[in-house]
Amino acid sequence: MNVDLVRKQIPVTSRRAYFDNAGTGPPSIPVLNAINEYMADWREYGENWEEWLPLIIESRRLFGKMIGGAALDEVASVPNVTSALTALASSLHYKPSGNIVISELNFPTNIYLWHLQKKHGRAKDVRLLHRDQNGTIPLEQWEKAIDDDTSIVSVDYVSWTNGCREKIREIAKIAHEHDAFVIADSFHSLGVFPLDVRQDGVDALVCGMYKWMQGPHGAAFVYTKHDRLKDLDPNYVGWHGVQDSVVRRLTSQQDLFGKPFNIEETVPAPDATMFEGGSWGVSQSRLGIRVET
Ligand SMILES: Cc1ncc(COP(=O)(O)O)c(C=O)c1O
């Protein structure tokens, strides 16, 4: 890799040594071009869903590729990590009188929402693990906290607060020995080191684009392992999260608005798109395609 050429693609680096990717990454020229192309398209044509929807689908495919080859139906495009985690939390099966195991090194969203599940009676106990004097949570602590009553283990690949890299594979293995569902937030790992959801053994993965992926705010993805999708039962869905959605009509060559939507019942999408509530940030989806080409 030619570092000078890469730096040329990221305008801010001509003036600064940029150290804040952990907050928001700076955009590259292909990213800026993709946003500008979208703006021009929108300015010239207004609504253009027939062209935009395939970009959404393509962005899911590319994200699946980046996390080690997830299938298209395992990936959903969502606005941010917080909405991805909330969508998962409101769809999961909770064991009666069960517990949830999380780490104090998780980003606060990935802590707050689990306390609320206890408040609303979906968990009896939230086990918040605390770091030791080295700033890490030894595997033994996870082993001690996770038991047969654990419904969910939710952990960040790399901590936002001290950069601690968790032993995701080992944690997932322990969780699965107790039939718990494993969620991993990869916001500080994707774009930093290679990821493989299958090898890591996580059931769901969430990731935003605005840090190490150097994309814009308003773009994130959620992956859910194929054989776990059938266990999900969402409490909330929107018009893009149902079985008969505009995207599904497009992919089966139907007229997007050619027949009325069935509003007599709600049938969530059978795949990860059940998490795609409302309209996407289309400019964000263009980015994935630009970045690859
Ligand atoms: C690990 C991690 N997860 C989630 C978030 C917040 O994500 P979002 O703003 O997309 O909800 C952050 C923000 O710093 C983070 O570091």
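## Close-up views of a predicted model

View 1. The model is a predicted one, in which local features need pLDDT of at least 70 and side-chain atom pairs count only at pLDDT 80 or more, whereas totals for chains, interfaces and linings use all residues. Residues are numbered from 1 along each chain as its sequence is written.

**View 2. The sheet around β7.** The 7 strands form an open, mixed sheet in the order β1-β7-β6-β5-β4-β2-β3, where two strands pair if DSSP finds at least two bridges between them. Because β1 (75-78) and β3 (125-129) stand at the edges with a single partner strand each, one side of each is left without a neighbour in the sheet. β1 and β7 run antiparallel and are joined by 4 bridges, with Ser77 opposite Phe221 in β7. β6 and β7 also pair in the antiparallel sense, over 5 bridges, and here Ala204 stands opposite Thr224 in β7. By contrast, β4 (residues 150-156) and β5 (residues 181-185) pair in the parallel sense over 5 bridges, and Val153 has Val182 as its bridge partner in β5.

**View 3. Val222 and the largest nonpolar core.** This core, a set of buried Ala, Val, Leu, Ile, Met, Phe, Trp, Tyr and Cys residues joined through C-beta atoms within 7 Å, has 64 residues, of which Ala84, Val222 and Tyr223 touch the most other members. Helix α4 (residues 81-89) gives the most to the core, with 6 residues. Leaving aside residues up to four places away in sequence, Val222 touches Ala76, Val78, Ala84, Ala87, Leu88, Ala204, Val206, Ala272 and Phe275, contact being defined by C-beta atoms, placed from the backbone, within 7 Å.

**View 4. The shell around the ligand.** The residues surrounding the ligand include Asn80, Val81, Thr82, Asp156, Asp185, Gly208 and Ala220, each with its C-beta atom, placed from the backbone, within 6 Å of the molecule. The shell divides into 5 nonpolar, 5 polar and 2 charged residues, where Ala, Val, Leu, Ile, Met, Phe, Trp, Tyr, Cys and Pro count as nonpolar, Asp, Glu, Lys and Arg as charged, and the others, Gly among them, as polar.

Conventions: A residue is buried if 20 or more other C-beta atoms lie within 10 Å of its own, exposed if 12 or fewer, and partly exposed in between; C-beta atoms are placed from the backbone. Helices (H or I, at least four residues) and strands (E, at least two) are DSSP runs, numbered from the N terminus. Two residues are in contact if their C-beta atoms, placed from the backbone, lie within 7 Å.
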